[in-house]
Every structure is written in structure tokens, then in C-alpha cells.
Amino acid sequence: MIGRLFKFHGGVKPDAHKNESAGAAICKAPLPPRLIVPLRQSARAGATCTVEVGQRVLKGERIGEAEGFLGTAVHAPTSGTVSAIAAHPMAHPSGLDTPCVVIEADGEDRWIELAPFDYHTASRDQALAWLRDCGIVGLGGATFPSHVKLGRGSGIETLILNGAECEPWITCDDRLMRERAAEVLAGATILRELIGARELMVGVEDNKPEAIAAMKETAAASAHGVSIVPVPALYPAGGEKQLIRVLTGIEIPYGKLGADYGVQCFNVGTAHAVYRAIAHGEPLVSRVVTLTGNCETPGNWEVALGTPVKDLLALARPKADTDRTLMGGPMMGFAMPRLDVPVVKGTNCIISASPRLFPPTPPEQPCIRCTECSKACPVELQPFELYWFSRSKNFGKAQEYNLFDCIECGACAYVCPAHIPLVDYFRFSKSEIWARERDKTAADQARERFEFRNYRQEREKAEKAAKLAAKAAETRAKLAESGSAEPPAATDATAADDPKKALIAAALARAKAQKAEVQPQNTDNLSPQTQAEIADIEARRKVLEVAAVDTAPQPADTATAAAEPRP
């Protein structure tokens, strides 16, 4: 049992706005006529498409194969026909396109044949591969692959189930713990066995009394040995390092992870998905999404992945003065550039925003270095310094001040009296640093290719010279064995050392030997008639040579002829 709770640095207390959507039970959202399933469910890795246009698929059928170490499989959220495989805008502030599989639903919602996975008899590697092939990722928003996060199966003493759900407006985890506590704790037990943890704790913010009561009741009725721990409602208590600090007192330093200190965190939604994958063989094809904000019927819905957001908004019925739509919470979410983007595994909340609920941000003012942002930062950074470095594009200094330890929680911007969008500056710096690292990597690879090309050309040149030298030596050896005249010696050191010139000399020697072979033999033994014929031929040849010399133009005559004008 937990003896005491600890505190983390900073934090803020924005209005929670939980009651708007937490009162109603989870409902199943109706299937849209068309589902758009991105093959890239997160920024870390994508999936290789395994279906073709016109192919019929069943619910839960794999349509994307895991790609790379951080990849997970992607599955059809319902039964139907693949109508297109094309680029489509993704759920991201940039609105960039990503490869998607478009499925026309047939309305039957027919599953593939499912079978539970017995992880007790299977090896640990087989269990992790099963989770990967079921597409299980973190459902708290980061979508990190669960099979990777489970590690080596040793070195973890404490497993923490994150039910804090600290960001305002979001209540999907709250309703999940209220209604499906048994499945959540069963999934947590599976995770504890796979990771090899001795202790299992569930951290829930104390503004969720119903969820705490449901989890405690379920834990008491089971023999799982789980501690349900209410934690103070302080944003961002749901951050991994912050929750570890509150529950265990361990402070994770810069550049380290909880696993380095024997602690690992999973979201309650992830534990529920793990249970469904192991106990029922169900891949991750849906998730609970909170629909709230400036709408008539806020609540939580079980939504098929790939459902267009505009189809979900019809369930919540946004009011007339809604001016934009947010995906995620107001602190870490983003305004959606368009509403035809699909729900993905990391979509936990969709907020209909209005000027009344979310007033326009006042104009940005100069930083007065009041250090309020530093007091609120839960990671104990100095956001005002990072702001100056980011604004001046001094990215090296920003990295020295631990820019990449920023969790982009927005607490600094929330308390800034100058209304500076600090998180936007930090995201800009991170993206620029990543872009420069990619450019540097590309330049390094180009340099390596160029250097290897030069090395290859020099190697080929040396190999060719060695082959020529070997051939020249072989030719000289053959000439020596045949008793022919030795090739003339080189006239200079360069010729003597050059294998090519040695080959030329050897060729001249062979030509000279062949010429000597075709010369007339000794004519003393020939008959008088034959000797007379040879003498006559030689005489005619000499006459022709003299005539050719006499008829050739002299140099002076040629010059004179060239100077005379042509008629």
C-alpha cells in the first residue's frame, strides 16, 4: 500500500469542465458509410498496405503490416469493400496527407474468426508479437507501441496504470474505469506479468470519485494485488514523469525514462485494449472518444477508427456559435484544419469551441522575464530562456537548456501574463532541429557515398594496373621460354615501371620475331631459274621506288604552286 504521496514542481489548476460529458454512459457510435483508415497512425512509424482496391474485408482483418521496430499493424474497423488506397489529410495541425485505406461499409459489421491468445503457454516474444499484430499502442495520446514499451521482461519493479486524465474536458478514461473496471484491471495484470513487475498501482485524480470507487471495488474482489491511489487534481499530474514522482517519489532526470529507474506507465485505455486482444483476440479497431464543448449532447462514444470527425459531430450537435473544433484537450490539443479527417488511435477528445468557452487569445506582448512560466513548469525548465533562444533561432543554446525535455503541456503559456504562445515557439525549435539533423544526416550519407566512389575508382585502377603487370610478366616469361629475343629495355625509368609500356614493348618484340620468320630464307640452294626470278622481282621493286621518289613534288615547288593565282 502507498504510505504517502509526493509532489512535483509547478503545475496549474485550470477549470476542469469534466461534468459536461462524464454523466452519460459510453454509447456505441453508428457506423459511417465510409471509413478512412490511415496506414500511419502516429508520427513514429507506418504500416505496409496488404489489401487491394475492390477487395472485400472483414472487421478486424489486417490491412496494414507492421513496418519497422516501432510499427504496429492496422486493421479494418468494419466489414466492407476497399474502394480506394490513396493519400488523405491526417489528424494533425499541418493537415498533411498520409496513405489511407478507404473502406465502404456493408452495414453487416462482420468480424473475422477470433480466438483468444494463451500468453501463459506462449513465449514472451510470441506474446509481444501478438500485441504488435493486434495494433496495440498507448491510448493516452502518445500512441507509443505497447510491445516496445514492455521492454525485456526484467528490470521493472513497479507498474503504474495512468488513470489521472488531468487535462480539462476529457472524460473517456473516467467513463472507462467506471463501466469496465474489471477489464481494465485484467489488462493491467497481463501487462504486469509480461513486464515482470512486482507491484501494480493505479493513479486516479481525486476529482473522479465514481471511477475510484469502481476500481477499488473491483480490485478488492480480485486477487490481483492492485493499489488504487487517488492523487491530487493538478495539471499535468497525468504526465508520465509527474505521476511517477507523485506515486513513488522517484524523480526522473533529464534525458532518462521511468524504465531506467524500474518504473513503467501504461494508460487505462491501453490496459483495456490489451485485455481485449489477449482474452478475445480482438485487434484495436475502436476506442472511446469524448465529444464535448459547445454542443447540445456531450458524452463519450465507442467510435470505429477511421470515422470522419464531421460524422461524429452530428452526434454531439454543436451549437450555432461554434467557430472551430479541437482534437485533444485545450492545453495540448490543436485546432483541426478540416473536419473530414478520420479518428485515429490517439484521438481521445473532440471539443466544439466557441468564443464564449474559449475567448480569443489577446495579442502577444514582449516578455518581461517575470519567471511565472518557470514556476509553473512541471519539468523544472526555464521557458523564458527557451523562448528567447527559439525566437532568435539559437537552437544550440535551446538544446543546452534541455528543450527536448519539454512535454508541451502548455502550463507555461497558461500563466504567461504577456500571452506569449510559448509552446508554439518550442515546437518550432524542435521541428527546426529535427529538420537540420535530417539534412545533416543526408549530407553525411552523400559524403560517404562520394568518398566510397573515389575509393572504388582508385581500387579499380590499382586492380587494373596489377592485372596489366601480371599479364606483362606472363608475356615476358613466354618469350623467354620460346627463345625469342628479349623485348628492348625501357629508355627511361617511367617506361620501365609502367606495365602498359612493358606490354607495348613485348608486342613490338613479337612483331619483330614474326617479321624475321617471313623473311626470304638462304637462296644459295635454289635453282638458277628461281634465283633469276627473285632477282627480277627485286629489280622491278627498286625501279618502282625510284620512280615514286622522282614524281613526288618538292617543297619549293609546292610553295610556288600554292602562291600562283588560280585561273
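Let's start with serine 79, which is buried, at a relative accessible area of 0% (buried means under 20%, with a 1.4 Å probe and protein chains only). You'll find serine 79 in the loop between strand S6 (74–75) and strand S7 (80–89); strands here are DSSP E runs of at least two residues, helices H or I runs of at least four, both numbered from the N terminus. This is a predicted model, where local features need pLDDT of at least 70 and side-chain atom pairs count only at pLDDT 80 or more, while totals for chains, interfaces and linings use all residues. Residues are numbered from 1 along each chain as its sequence is written, and side-chain values use heavy atoms, leaving out hydrogens and water.

What does the side chain of serine 79 reach at 3.1 Å? That's the backbone nitrogen of aspartate 109. Its side chain also makes a polar contact of 2.7 Å with the side chain of aspartate 106 (a pair of N or O atoms within 3.5 Å, one able to donate a hydrogen and the other to accept it; residues adjacent in sequence count only if both atoms are side-chain atoms).

Now hop over to helix H7 (residues 240–248), where the buried residues are Gln242, Leu243, Ile244, Val246 and Leu247. They pack against strands S9 (158–163), S10 (199–205), S11 (226–231) and S12 (263–267), contact meaning heavy atoms within 4.5 Å.

Methods: Buried means under 20% relative accessible area, exposed over 50%, partly exposed in between (1.4 Å probe, protein chains only).
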